[in-house]
Amino acid sequence: MENIKNIVSQFDIEGETGAVRPLKIGHINDSFIVENLEKGGKSYFLQKINHHIFKNVEGLQQNISLVTDHLRKKLSESGENNIEKRVLRLIPTKTGKWFYKDSEGSFWRVYVNIENAHSYDTITPELAYKAGEAFGDFQCMLSDIPHGDLIETIPNFHNMEFRLEEFRQAVKANKAGRLSEEEVQYFIGEIEKRADEMCLPERLFREGRLPKRVNHCDTKVNNMLFDQTDEPICIVDLDTVMPGFVLSDFGDFMRTAANTGAEDDTNLDNVGVNLEIFKAYTKGYLKKATFLTPIELDNLAFGAKLLSYMQTVRFFTDYLNGDTYYKVQHPAHNLQRTRAQFKLLQSQEENFEGMKAIVNQSKNN
Ligand code: GN1
Ligand code: MG
């Protein structure tokens with residue numbers, strides 16, 4: 001890797017660069033905190049963008065610049081006075097670009113680091129309610145970005161038909177030679193059993209009944225920053241902000257927050273839907289997301305199942321392909337993630353009527 005301080009020095013940052021500390025977050029990009037030796041000076045958030053996954057880095061960075069400018073404008077119009085904490089700020093390179101390509105062909109970007117903020121992997125119902133409001137607001141603020149201004153940073157990202165196609169190709173190719181495992185055969189069967197049901201959004205879209213809106217597309221619970229008083233301040237990880245179904249954003253939050261276990265829990269007894277969190281988030285979200293159509297509302301609970309299913313399929317596909325997409329800590333990590341996501345899906349299936357009832361009650365409140 002090119003010298004990291006040299007990489008940092010390409011950007012138009014203030015002060016004197018101190019330590020550059022790697023962070024253990026995310027499954028795709030590599031992240032670092034860049035300290036500032038100047039007293040009271042800003043620290044920065046440096047990322048190496050995974051360009052094997054985000055193939056159009058220029059388009060990706062253009063999206064983020066557009067989205068953050070749009071959010072800043074909306075926040076300022078609404079009288080917000082602490083905008084630098086409420087929305088990410090990209091730092092250009094000294095030559096005025098939103099990324100730097102190093103001598104080895106790696107791509108880098110820098111944001112101002114939002115200090116005195118924290119995120120959670122598990123949250124309380126009280127915080128889930130606030131997070132619901134914050135994601136509802138986020139979608140509202142982005143709703144009027146002109147259609148066509150944002151690219152799909154990963155084409156077909158949350159398209160279930162496409163994800164199933166990738167999965168079937170992975171089965172056919174058997175690149176990692178894992179097809180003979182009994183458990184692998186079990187998951188292939190379970191995925192296929194539900195395939196038709198899970199492609200409902202694409203069918204509704206083709207029939208003109210389900211709209212696409214600007215979504216975050218990675219509403220993991222830990223992508224929301226809270227301040228010292230535990231108020232949500234900023235939504236981060238804007239790589240995948242693009243048009244999609246709102247079911248995705250609702251569902252991905254539930255997949256990560258309304259789960260009594262971890263995404264890759266080794267003890268499946270820990271894993272299951274947490275209805276208290278489900279209820280609190282739904283209430284907060286529906287209070288703000290007043291733009292939802294009846295068909296979107298009717299399918300929100302389904303969205304939670306869909307995202308657990310989609311993540312089961314995506315982790316499992318990567319396992320079949322030999323772990324080329326997600327970072328893994330050990331060779332069976334993607335299989336372990338598959339098991340835990342599938343267990344969550346089963347629990348959501350068992351609780352589906354209850355989840356639908358919660359959405360119905362909350363929309364009438
Ligand atoms: C990836 O890197 P991270 O953790 O923010 C993935 C998401 C998955 C998630 C599963 C670009 O997000 O789609 O839901 O892992 N991001 C991409 O934890 O594929
Ligand atoms: Mg992400």
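This is a predicted model: local features need pLDDT of at least 70, side-chain atom pairs count only at pLDDT 80 or more; totals for chains, interfaces and linings use all residues.
1. Helix H5 (residues 160-173) and helix H11 (residues 300-321) have axes that come within 9 Å and cross at roughly 25 degrees. Angles under 35 degrees count as roughly parallel, so H5 and H11 are roughly parallel to each other. Their crossing is left-handed. On the H5 side, the contact is made by Met 160, Arg 163, Leu 164, Glu 166, Phe 167, Ala 170 and Val 171. H11 contributes residues including Leu 306, Tyr 309, Met 310, Val 313 and Phe 316.

2. H11 has another partner to look at, helix H6 (residues 182-198). The axes of H6 and H11 come within 11 Å and cross at roughly 140 degrees. That angle makes H6 oblique to H11, and H6 passes H11 in a left-handed crossing. From H6, the contact involves Val 184, Phe 187, Ile 188, Ile 191, Arg 194, Ala 195, Glu 197 and Met 198. From H11, the residues in this contact include Phe 302, Lys 305, Tyr 319 and Leu 320.

3. Next, have a look at Gln 346, which lies in helix H12 (residues 333-350). Leaving aside residues up to four places away in sequence, Gln 346 touches Tyr 186 and Arg 194. Gln 346 and Ile 25 are 321 residues apart along the chain, and their C-alpha atoms are separated by 27 Å.

4. Together with Glu 190, Lys 193 and Glu 349, Arg 194 is linked in a network of salt bridges.

5. How many salt bridges does the structure hold? There are 28. One of them joins the side chains of Glu 84 and Arg 89, at 2.9 Å from N to O. Glu 84 counts as partly exposed at 40% relative accessibility, and Arg 89 also counts as partly exposed, at 30%. In another salt bridge, Glu 207 pairs with Arg 209, and the closest N and O atoms are 2.8 Å apart. Arg 209 is partly exposed, its relative accessible area being 48%.

6. A further salt bridge joins Asp 298 and Lys 363, whose closest N and O atoms are 3.9 Å apart. This pair links distant parts of the chain, 65 residues apart: Asp 298 belongs to helix H10 (residues 294-298) and Lys 363 to helix H13 (residues 352-363). Lys 363 counts as partly exposed, at 33% relative accessibility.

7. Finally, the cysteines. A disulfide is a covalent bond between the sulfur atoms of two cysteines. The structure holds zero disulfides. Cys 217 is buried, with 3% relative accessible area. Cys 234 is in no disulfide either, and the nearest cysteine sulfur, in Cys 140, is 17 Å away. Cys 234 is buried too, with a relative accessible area of 3%.

Methods. Residues are numbered from 1 along each chain as its sequence is written. Chains are lettered from A and ligands numbered from 1 in the order in which they are written. Side-chain values use heavy atoms; hydrogens and water are left out. A salt bridge is a side-chain nitrogen of Lys or Arg within 4 Å of a carboxyl oxygen of Asp or Glu. Buried means under 20% relative accessible area, exposed over 50%, partly exposed in between (1.4 Å probe, protein chains only). Helices (H or I, at least four residues) and strands (E, at least two) are DSSP runs, numbered from the N terminus. A disulfide is a pair of cysteine sulfur atoms within 2.5 Å. Axes are lines fitted to C-alpha atoms, for helices over the stretch in contact, and angles run from 0 to 180 degrees between N-to-C directions. Angles under 35 degrees count as roughly parallel, over 145 as roughly antiparallel, 65 to 115 as roughly perpendicular and the rest as oblique. A crossing is left-handed if the near helix is turned anticlockwise from the far one by less than a right angle, and right-handed if clockwise. Contact means heavy atoms within 4.5 Å.
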